[in-house]
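Please consult the sequence and the model alongside the text.

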Amino acid sequence: MRLKATAGANGRTALTGQSFRAPYHVSKPYWDADSGTLLVQVVNPTAGILEGDFLESDIAVAKGAALLVTTPSASRVFKMKDGSAECRQHFAVAKDGWLEVLPEPLVPHRGSRYRQTTTVEVESGGGLFFVDLLMPGRIAHKGEAWLWDRLCLETEVRVGGELVLRERFDQSGAGLKALAAFTGSGAKACFGNAVLIAEGEAPWVEAARMLHGDGVWVGVSTLRRGGWSIKFVAADSIRLRRTLKALREILAANYPRMACDPRKL
């Protein structure tokens, strides 16, 4: 899937380039006039991610454009007999552009093996908010949590060509379950990993840290340049969604394009 968002002479963002094929489908964009952001839903019309699947996406936002990309439902990674599945995604934001990537949670099923590689390039003066949510499995089904074989999530972020973040999460379900038990986050713990790239001061940090408590753990770290890493763990999926919703509301006071309603939280 390839998307390109460009600002028109009237200031409105439009998709001036789009190309996709299964398992991707792009719905009709919605212009949110209040936040000045174009909302795009990316749908996987199949049941989920299957053995042998290779997903590749490339999203570019031009100068002055603002785009929110989201998904309507969780991405389920199904049981695999021998092989694995892989996703590679690349996000690029030009100066004065804004991109928010807000997918629904990843749900790895029993015996699945999945690798996701995310590379982000933001020009100086551009902005981005990207979040990954992870569920421990099908927690509504007894004995169907923490049972994936391997999950590898890699993220690399560059601002103005400078590497500011590189992280790699590589865990079996059993390994992450043990870690969740050790830290006391519980048998239904869910995880959020967000990156915010923006210029200027960060008066929102204290308010974000105040989300910590009542079954939610929140940490905010400053990147070496132009951004922050925000990680949060919740005791269950309801707290996870509430935390993300509250975090977006806090950030929207400082970054108005985050006031765009994804119509689902």
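The points below cover a helix, paired strands, backbone exceptions, aromatic pairs and nonpolar cores.

This is a predicted model, in which local features need pLDDT of at least 70 and side-chain atom pairs count only at pLDDT 80 or more, while totals for chains, interfaces and linings use all residues. Residues are numbered from 1 along each chain as its sequence is written, and side-chain values use heavy atoms, with hydrogens and water left out.

**Helix H1**

Helices (H or I, at least four residues) and strands (E, at least two) are DSSP runs, numbered from the N terminus. Buried means under 20% relative accessible area, exposed over 50%, and partly exposed in between (1.4 Å probe, protein chains only).

- Helix H1 spans residues 173–183, and its buried residues are Gly173, Leu176 and Ala180.
- These residues cover an arc of only 70° around the axis, which places them on the same side of H1; the arc is that of the directions from the helix axis to the C-beta atoms.
- Ala174, Ala181 and Phe182 are exposed residues on the face of H1 turned away from its buried side.
- The cover over the buried residues of H1 includes strand E13 (127–134), strand E15 (162–171) and strand E16 (190–197), where contact means heavy atoms within 4.5 Å.

Two strands pair if DSSP finds at least two bridges between them.

- Strand E18 (residues 227–234) has 6 of its 8 residues buried, so it is largely enclosed by the rest of the structure.
- E16 and E18 run antiparallel and are joined by 8 bridges; Ala194 stands opposite Ile230 in E18.
- Strand E17 (residues 216–222) also runs antiparallel to E18, through 7 bridges, and Thr222 has Trp228 in E18 as its bridge partner.
- A hairpin is formed by E17 and E18, with 4 residues between them, and Gly226 in the turn has a positive phi of about 65°.

**Backbone exceptions**

Most residues other than glycine have a negative phi, and most peptide bonds are trans.

- The peptide bond from Ala22 to Pro23 is cis, with omega near 15°; Pro23 is placed in the loop between strand E2 (13–19) and strand E3 (25–26).
- Trp146, a residue other than glycine, has a positive phi near 60° and lies in the loop between E13 and strand E14 (150–159).
- Trp146 counts as buried, at 5% relative accessibility.
- Asp214, a residue other than glycine, has a positive phi near 55° and is found in the loop between helix H2 (205–209) and E17.
- Asp214 is exposed, with a relative accessible area of 66%.

**Aromatic pairs**

Rings of Phe, Tyr and Trp (its six-membered ring) pair if their centres lie within 6.5 Å; planes under 30 degrees apart count as stacked, over 60 as edge-to-face and the rest as tilted.

- The whole structure contains 4 aromatic pairs.
- In one of them, the ring centres of Phe91 and Phe130 are 5.6 Å apart and the planes stand at 55°, so the pair is tilted.
- Phe91 lies in strand E9 (residues 85–93) and Phe130 in strand E13, so this pair ties together parts that are 39 residues apart in sequence.
- Phe91 counts as buried at 1% relative accessibility, and Phe130 is buried with a relative accessible area of 3%.
- The rings of Trp204 and Trp228 have centres 5.2 Å apart and planes at 80°, so the pair is edge-to-face.
- This pair links distant parts of the chain, with Trp204 in the loop between E16 and H2 and Trp228 in strand E18, 24 residues apart.
- Trp204 is buried, with a relative accessible area of 2%, and Trp228 counts as buried at 7% relative accessibility.
- Trp146, Trp148 and Phe191 are linked into a cluster by ring pairs.

**Nonpolar cores**

A nonpolar core is a set of buried Ala, Val, Leu, Ile, Met, Phe, Trp, Tyr and Cys residues joined through side-chain atoms within 4.5 Å.

- The largest nonpolar core has 47 residues, of which Leu67, Leu99, Tyr114 and Leu128 touch the most other members.
- Neighbours within four places in sequence aside, the contacts of Leu99 include Ile59, Val61, Leu67, Phe91 and Leu128.
- A second, separate core of 33 residues includes Ala66, Ile230, Leu247 and Met258.
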